[in-house]
Amino acid sequence: MENQQILLASRPDGVVIPENFELATAAVPEPGQGEMLLQTIYMSVDPYMRGRMNDMKSYVPPFQIGEPLQAGIVAKVVKSNGGKFPEGTYLTGMGLWANYMVTGGEGFQPVDPDLAPLSYYLGILGMPGMTAYVGLKGVAELKEGEQLFVSAASGAVGQVVGQIGKNMGCHVAGSAGSDDKVAYLKDELGFDEAFNYKTSDIHKATRAANPNGIDVYFENVGGPQLEAVINNLNFNARVALCGMIAVYDNKLEDMPPGPRNLAILVGRSVKMQGFIVFNYPDLCKEWIQVGAGWLKEGKLKYRESVADGIENAPQAFMGVLKGRNFGKQVVRLADD
């Protein structure tokens, strides 16, 4: 048995390229006393990982050159040496870009494959779903019947944001990067309005999609979309800053200037707040119960993009940064 891993070969100088990654092969590690050997079934690739490729201070340490990158995973305990969980248990937690890894179990939680597909624990019942719930409930304090707008609305987080809003009786609008994604938002997820930001005048389209203004904006993109939203914010609006994928590949010196209309926030008493999902552990736990219940009741739908094989993880990740995925992007490393 061999253990394939994806290592960080070099730090990106702007746009991420294949040469920043290295596919390496090592022996499958043996678990020591109190440890378990995990086989990765699914691995997540997410936009936030781009920041960890830089050598800079953030809320999580940067990836290290020559070491495997890290990601949320769903894995199976294939060997336990007195470990925390018995063999055969499925776990989710922060793991490695690797087929196998050894752990003492810290930070891992068991998941039920009968409650939902295993990949959902990296998506709608995992970090993206939790992020949507935390951002709307804990940060933006969305209320029933309000006007909600979300960018990157067909993505892993955005599609959950919109459905939470619809389940709360809100008017929900969003922007996405293709006509197929727009059709999915309106026809499948029940968005009231949606538009293709690549083919629309973003200021006119944002205004048309939100005829009664915007009470809550869930920000995933930044750039021109943020400026267009600010023009349409209502009094006492709230903006939950989740991500700004439009600038992730920019060098510091190439960063675009900020929105020109920030003064609107003052006159309209707008609250704009960034957040990190795992700073809200109680709401994360709450979401698993709420989300699982809504899935069972048919009140949530979810779409994934699945890449097969660890060797395809870098391309899948780079695709996420370019918006090429449709829904949550995962990589399948073994049969589930």
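1. Glu227 is buried, with a relative accessible area of 10%. In this predicted model, Glu227 belongs to helix H6, which spans residues 224-230. Beyond its neighbours within four places in sequence, Glu227 is in contact with His203, Pro259, Arg260 and Asn261.

2. One of these contacts is also an ion pair: Glu227 forms a salt bridge with Arg260, and the closest N and O atoms are 2.5 Å apart. Because Glu227 lies in helix H6 and Arg260 in the loop between strand E12 (233-241) and H7, the pair ties together parts that are 33 residues apart in sequence.

3. By the rule applied here, the count comes to 9 salt bridges. Another of them joins the side chains of Asp192 and Lys166, at 3.0 Å from N to O. This pair links distant parts of the chain, 26 residues apart: Asp192 sits in the loop between helix H4 (179-188) and E10, while Lys166 is in helix H3 (residues 158-167). Asp192 is partly exposed, with a relative accessible area of 30%, and Lys166 is likewise partly exposed, at 28%.

4. A further salt bridge is made by the side chains of Glu297 and Lys299, with an N to O distance of 3.2 Å. Glu297 counts as exposed because its relative accessibility is 52%, over the 50% limit. Lys299, with a relative accessible area of 42%, is partly exposed.

5. Which residues does Phe195 touch, not counting those up to four places away in sequence? They are Phe149, Gly174, Ser175, Ala176, Val182, Ser200, Ile202, Ala205, Thr206, Ala209 and Gln225. Phe195 itself lies in strand E10 (residues 193-196) and, at 7% relative accessibility, counts as buried. The C-alpha atoms of Phe195 and Val331 are separated by 28 Å, and these residues are 136 residues apart along the chain.

6. Helix H2 is mostly covered, with 10 of its 13 residues buried. The buried residues of H2 are Pro128, Gly129, Met130, Thr131, Ala132, Tyr133, Val134, Gly135, Leu136 and Val139. Just after H2, Glu141 takes a positive phi of about 50°.

7. Two backbone positions may be checked together. Most residues other than glycine have a negative phi. Glu141 has a phi near 50°, a positive value in a residue other than glycine, and it is placed in the loop between helix H2 (127-139) and strand E8 (147-150). Ser269 also has a positive value, with phi near 55°, and is found in the loop between helix H7 (263-267) and strand E13 (271-274). As to accessibility, Glu141 counts as partly exposed at 43%, and Ser269 is partly exposed with a relative accessible area of 45%.

8. The protein chain is divided into domain 1 (3-123 + 303-332) and domain 2 (127-278). The C-alpha centres of domain 1 and domain 2 lie 28 Å apart. Across the boundary, 20 residues of domain 1 are in contact with 15 residues of domain 2.

9. How much area is buried between domain 1 and domain 2? The value is about 1400 Å², of which carbon and sulfur atoms give 58%. In domain 1, the residues that lose the most area to domain 2 are Gly123, Arg303 and Phe326, together 29% of what that side buries.

10. By class, the side of domain 1 that touches domain 2 has 9 nonpolar, 5 polar and 6 charged residues.

Definitions and conventions. Residues are numbered from 1 along each chain as its sequence is written. This is a predicted model: local features need pLDDT of at least 70, side-chain atom pairs count only at pLDDT 80 or more; totals for chains, interfaces and linings use all residues. Side-chain values use heavy atoms; hydrogens and water are left out. Helices (H or I, at least four residues) and strands (E, at least two) are DSSP runs, numbered from the N terminus. Buried means under 20% relative accessible area, exposed over 50%, partly exposed in between (1.4 Å probe, protein chains only). Domain bounds come from an automatic or database domain assignment. Contact means heavy atoms within 4.5 Å. Buried area is the accessible area (1.4 Å probe) that two parts lose on being put together, summed over both. Ala, Val, Leu, Ile, Met, Phe, Trp, Tyr, Cys and Pro count as nonpolar, Asp, Glu, Lys and Arg as charged, and the others, Gly among them, as polar. A salt bridge is a side-chain nitrogen of Lys or Arg within 4 Å of a carboxyl oxygen of Asp or Glu.
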